[in-house]
Amino acid sequence: KEDKNNAEAIRSTKRNTLNLNVHDNRRPRDDHVIDNAKQDEAVRNMVKWSIEQGGYIHPYVEIRRWDPSDPSSYFGAFVNGPVKKDELLIKIPGSIEIQIDDFFRMGKLPYSDVVCELAWTLKREYELGEDSKFAPYIEYIKTQSKYQIPAMWTDVGKSLITKVQGDLSMMDFDLEDTPGEHMHNWIYEYFGGELCLLDADNEEEMEEWYVAMATQRGYDYCLIPIYDMLNHSNERVNSITRPSIYNRDGFGVYALEDLNAGDEILYSYYDCPDCKGCPTCGTSLEYWGTPEMIRDFGFVEPYPHRFYYDDMGPVYLRVDEHPDGLEISNEGGEWPEIEWIESQIARLKPMFERDIYPLRNVLPSHELETIVNYHGSLLDFFTAYQEVDAADSKDENHGESDTGRDEDLSDGGEGDAPHCRSR
Ligand SMILES: C[S@@+](CC[C@H](N)C(=O)[O-])C[C@H]1O[C@@H](n2cnc3c(N)ncnc32)[C@H](O)[C@@H]1O
């Protein structure tokens, strides 16, 4: 019997490198073509405005395209010179944040009510346009694609990701297991009609997109310009915020380690960036994994991946790259039954050629890329598990068990770092 740190499964993996052979002239979506130059200008103006408002950006920090040679790549925050641990990288003044009323901060309301209020607040500022106190931020938001997360995808994309998700469950905002549909259906489910999108008293409707934006870029009670340019990593968290992102008067972003030119400033969207002042700290994020990241942010995160299937025992597995392949460790749940793993492999294996590939010229490129990556990551994970299980059985037949899988790992996951639904 070994503990969860030793409980690992390794196999050689080969990523799905099939040539998709898509036509280059496809547009992401007919009614939204991103103007890269306008986006660059919006970012410059936003940075300037944040400094005028009392903010600070370290001389070696820049907000730029992720790949400087690709004018359409997304933005992130980078350092272009040496920075010491604990140095202040960015200061966010409270005055640039779009914040909702304190009433919503008491932790008593359902999460969806908080997001709903933030979405309506964003809508009001959006409609004020140049007259908004937050005009430079609104200008940047205006340059964003409205179709980034599955809830905003085309019907074809929604239906295909539902197929990939199949009977795999996700945790919804009420911490209930829901089937794959939740991946793309949650805005309708939680915010449809008078739940949020329709304000019957004022006879006003809000587009779903505001809810999508409030989720993708919001921090529960606020939208935080500049700070929301930082990207996610589970592996390399090199920044921390103090005193708290929830501080109404603003906060600083500090280096958690020495940084060098070219390093990206990152934190994990899973965790509180500071874990202070968040009413849900320590309670919620155990259920957040790679599928939920796709649902809320519209991308397949880099490794390590996490898969949480509460209806399976629960199953809480972490999948990471390893020089020899994939490494699977148990984060405190059950090891899933091999029959279930095999049924998932049987379901997913024919899907690429049968369901995904034929739609390669129909789907917007972002939807295609996300679906291909997600399908590949699920198949890699289940196949790695199956291979290690087979190796395990072989060893057991020879009277050995050195791969570390065991039925009783109930002690494995206790005492993990506290999580907070901050993103
Ligand atoms: C809060 S924004 C971060 C800034 C954003 N990259 C931009 O250009 O405005 C969150 C979005 O950034 C993208 N993102 C964040 N981390 C990422 C990562 N590790 N890989 C790919 N995309 C990422 C996703 O589109 C996500 O919805």
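Mentor: The angle used here runs from 0 to 180 degrees between N-to-C directions, and each axis is a line fitted to C-alpha atoms over the stretch in contact. Two packed helices are described by the angle between their axes and the distance between the axes. Keep in mind that this is a predicted model.

Take helix α1, residues 36-52, and helix α3, residues 135-142: they pack at an angle of about 155°, and their axes are 8 Å apart. Angles over 145 degrees count as roughly antiparallel, and α1 and α3 are therefore roughly antiparallel to each other. Their crossing is left-handed. On the α1 side the contact is made by A42, V43, N45, M46 and W49, and on the α3 side by P136, Y137, E139 and Y140. By class, the residues of this contact are seven nonpolar, one polar and one charged.

Helix α2 (residues 111-128) packs with helix α6 (residues 208-217) at an angle of about 110°, with the axes 8 Å apart. Angles of 65 to 115 degrees count as roughly perpendicular, so α2 and α6 are roughly perpendicular to each other. The crossing of α2 and α6 is right-handed. Here V115, L118, A119, L122 and K123 of α2 meet Y210, V211, M213, A214 and T215 of α6. The contact of α2 with α6 has eight nonpolar residues, one polar and one charged.

As for the setting, an unreviewed UniProt entry lists residues 59-270 as "domain: SET". Over residues 59-270 the chain is 27% helix and 21% strand.

Notes. Residues numbered from 1 in each chain as written. Predicted model: local features only at pLDDT ≥ 70, side-chain atom pairs only at ≥ 80, totals over all residues. Helix = DSSP H or I, 4+ residues; strand = E, 2+ residues; numbered from the N terminus. Parallel < 35°, antiparallel > 145°, perpendicular 65-115°, else oblique. Left-handed = near helix turned anticlockwise from the far one by under 90°. Contact = placed C-beta atoms within 7 Å. Nonpolar A, V, L, I, M, F, W, Y, C, P; charged D, E, K, R; others polar. UniProt positions renumbered as here; feature names shortened; annotations may be inferred.
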